[in-house]
Amino acid sequence: MATTIDHSLPIDGAAETRDRPALGRVHEWVVTVDHKRLGLMYIGGGLVFFLVAGLQASTMRLQLAIPEAGLVSPEMFNRLMTMHGTAMVFMVGMPILTGFFNYLIPLMIGARDLAFPRLNAFGFWLWAFGSILLYFSYIGAPGLYGAGSAPDVGWFAYAPLTERAFSRGSSTDYWIIAIFLTSVGSIATAANLVTTIFCMRCEGMRLNKMPVLVWLALVVAFMMLIALPPLSAAQAMLMLDRLLGAHFFDTQAGGSAILWQHFFWIFGHPEVYILVLPAFAFASEIIPVFSRKVIFGYNVMVVASIAIGFISMSVWAHHMFAVGMTAAGNSFFVTSTMLVGVPTGIKIFNWLGTIWGGKVRFKVPMLFSLAFLFQFLIAGLTGIILAVAPFDWQLTDTYFVVAHFHYILVGAILFMIFAAIYYWFPKATGRMLGERLGRWHFWLFLIGFHLTFDTLHFAGLRGMPRRIYTYEPGRGLEAINMLATIGVAFQAAAVLCFLFNVVKSIRKGEIAGPDPWDAWTLEWSTTSPPPEYNFAQLPVVKSRRPLWDLKHPEDPDWLYE
Amino acid sequence: MSDQAVTTTEAAAVNSPARTLPSRGRIGMMCLILTESSFFAIFVGAYIYYIGKSLTGPYPDDVLRIPVIATICLLSSSLTIIFASRALRAGGVRLFALWWLATLALGLEFLIATGFEWHHLIYDEGLTIHTNLFGTTYYSLVGLHALHVTVGLIAIALVMILTVTGCVDRRHAERIEILSWYWHFVDAVWVIVFLTVYVVGR
């Protein structure tokens, strides 16, 4: 059954590319404005920094494996901690997620590119240079003792530690400028995504016919437009403090260090949702396809996403319960934080409802998605626990918090990034990502993840503080920390499996064809990899599952929607 | 099986008769304005938070004089840019150029007035960004706005040059209108900055 449309044009661009010399092909990638290439460059660049920041995390975990280890100095530990956190958010999470949106959104809404292709390239290169600048600080930023030094003030960069008096040298300036640049790039991409979704949809693709992923991208893009500028603004103020002697966060001149915390978390908490909503987006595409069912409760899903977007803008001070806010302030942020659990819970039930009664195919993307469901639920539950202010007073700045947010960032977001890579790899390369190595990757990573982060909850409950470079023996923390470090070895082995799998599959993987998963959204209607113009003839859709209609003309979706 | 379900004209007829999607420029500019509003909100928030918290003088009510003329200039430039935009839509390029030039002049006047104000504050009153919290928040907020005025003026000047060289005509009316939105935004921000700095903050 020929289920797809022939999207080849008479002009054969591929043959032309193959004959070019290597340098010419590099040049093509550098000057490209094609959303698919930029998306792949985002994802590839993000994975490179994922390895770097992952190695930094492993170093910290090795240092903490036994009490009073001497692997790294306290100063170096602070730099590792800062760079790991900053890089994982701005150089790994953001680019991989925007990369996927870049790649998928025009394909999913039946467009030939984003609304502003050159702005898209501009955003990517801002991100790339910002990221390189941050790591350049290792050699380019003379610290107090003249040696090169990376930022060491934490990814949250709390004032007044970041003021000139306490953070000598230019390492903090590197942090400010690098993150400022990547934020501007992200804002450009967000504006591009919003414009694309509003202005570039194909015939019949009304807002309520869009795939759930596109809806979530829209919410994320709006959140980026609103939540990233506060960080940039606060960074501009910090820059004025450091370079021109202003007093925004200078407590000795009446400035407020707490104000920085507010500004930072006004950005910082929505940022968590900016990172996790794309994971929801991937789950909302992958789970239906591998359960062979329509997504359960499309409308509710969309409304819940928008609700999460709104509520998550008003929960930021739950990062600051220990600061000593007023009772009214604490109560407000406790309530709003618990409230965000409602739409999130709705989403979990909808995914379960999608799986329920479905003909589930346990392929690698689905395995990662199922683990995501389970782990995200637990991460959400510890989140609700931490939202209770008195409980937070007890456990703030302990490893319980570290374990909680790594459950989100690794257990939910990274798992869904892996799922998404396995799911869309055939589309981007034309070849399947190996299933056997994929299973090794999944199980090793699952075991490693739980070994590391389940145990760290208990380290926190036993009072192990965050951001310390070592701890004393005899406090009941040895076994926990050793287990957590062993878990890292499993995770590293899993990532090696994954990398090997990618390298192998790009060259020798099974040929995928346009639609290897028997999926329903428009990106699978064109060839794998898609031609530069995506669709020879712009599609016209009638339902949320245009390819289902195509494959089952006797029972199309648009009869019921 | 053919490609019927996805591409037939029948489908088009069922679902979407004569769709009109918004223009990219408009949505893009709205996004820019949204994100800039968020940026300004933080600076305005910091200004309000630090009102009356300076440990040393000079204080706002000692040194600030209400910039009446500059405000009138900037706000009326919003009117002239509307007239310019309408003139171009009607095809009157000459009239457009005239109103556009007026907008440019009014904007420049605002910037020059800000320059004089700063000169007065720095040299006569001894208030710099380093002096106290008032200086810190005043120069950063007013300076941020002035930076946006400058960017707007550069864009307006570019259009002016293109107009003089005969490159602008009626077809560009929509782009000119989108540019004018940015200018209106800069003016609206001035209303907020003005209220914050010269009314509430004094």
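Where in chain A does Glu68(A) lie? In this predicted model, select Glu68(A) and find the loop between helix H3 (35-65) and helix H4 (74-108) of chain A. Glu68(A) is not a glycine, yet its phi is positive, at about 50°. With 9 C-beta neighbours inside 10 Å, Glu68(A) counts as exposed. Most residues other than glycine have a negative phi, and most peptide bonds are trans.

**Further backbone features of chain A**

Select Arg292(A) next, in the loop between helix H8 (257-291) and helix H9 (298-311) of chain A. This residue, again not a glycine, has a positive phi of about 55°. Arg292(A) has 13 C-beta neighbours inside 10 Å and therefore counts as partly exposed.

Proceed to Pro160(A), which is found in the loop between H5 and H6 of chain A. To locate Pro529(A), display the loop between helix H16 (478-508) and helix H17 (546-551) of chain A.

**Helices H5 and H6 of chain A**

Now select helix H5 (residues 117-140) of chain A together with H6(A); their axes are 8 Å apart and the packing angle is about 165°. That angle makes H5(A) roughly antiparallel to H6(A). Their crossing is left-handed.

Keep H6(A) on display. Its 29 residues reach 42 Å from the first C-alpha to the last, close to the 42 Å expected at 1.5 Å a residue. Of these 29 residues, 24 are buried, so H6(A) is largely enclosed by the rest of the structure.

**From Asn208(A) into helix H7**

Select Asn208(A), in the loop between helix H6 (171-199) and H7 of chain A. Asn208(A) is exposed, with 11 other C-beta atoms within 10 Å. For a sense of scale, draw the C-alpha distance from Asn208(A) to Val272(A): the two are 64 residues apart along the chain and separated by 26 Å.

Follow the chain into helix H7 (residues 212-244) of chain A. Its 33 residues should span 48 Å at 1.5 Å a residue, and the end C-alpha atoms are 47 Å apart, which agrees. Centre the view on Met224(A), where H7(A) bends by about 30°. H7(A) is mostly covered, with 28 of its 33 residues buried. Just after this helix, Gly245(A) takes a positive phi of about 75°.

**Ala389(A)**

Select Ala389(A), in helix H13 (residues 389-395) of chain A. Ala389(A) counts as buried, with 20 C-beta neighbours inside 10 Å. Leaving aside residues up to four places away in sequence, Ala389(A) touches Phe321(A), Asn330(A) and Val334(A). By contrast, Leu538(A), 149 residues from Ala389(A) in sequence, is 53 Å away, C-alpha to C-alpha.

**Chain B and its contact with chain A**

Show both chains: 36 residues of chain B are in contact with 46 residues of chain A. On the chain B side, at least two residues each come from helix H1 (4-7), helix H2 (9-15), H3 and helix H7 (133-164). H3(B) supplies the largest share of that side, 13 residues.

Finally, select helix H3 (residues 24-49) and helix H8 (residues 173-200) of chain B, whose axes come within 11 Å and cross at roughly 10°. H3(B) and H8(B) are therefore roughly parallel to each other. The crossing is right-handed. Residues making the contact include Met29(B), Ile33(B) and Phe40(B) of H3(B), and Ile178(B), Trp181(B) and Phe185(B) of H8(B).

Definitions and conventions
Residues numbered from 1 in each chain as written. Chains lettered and ligands numbered in written order. Predicted model: local features only at pLDDT ≥ 70, side-chain atom pairs only at ≥ 80, totals over all residues. Helix = DSSP H or I, 4+ residues; strand = E, 2+ residues; numbered from the N terminus. Expected span 1.5 Å × (residues − 1). Bend = angle between axes of the 7 residues up to and from the residue. Buried ≥ 20, exposed ≤ 12 C-beta atoms within 10 Å, placed from the backbone. Axes fitted to C-alpha atoms, helices over the stretch in contact; angles between N-to-C directions. Parallel < 35°, antiparallel > 145°, perpendicular 65-115°, else oblique. Left-handed = near helix turned anticlockwise from the far one by under 90°. Contact = placed C-beta atoms within 7 Å.
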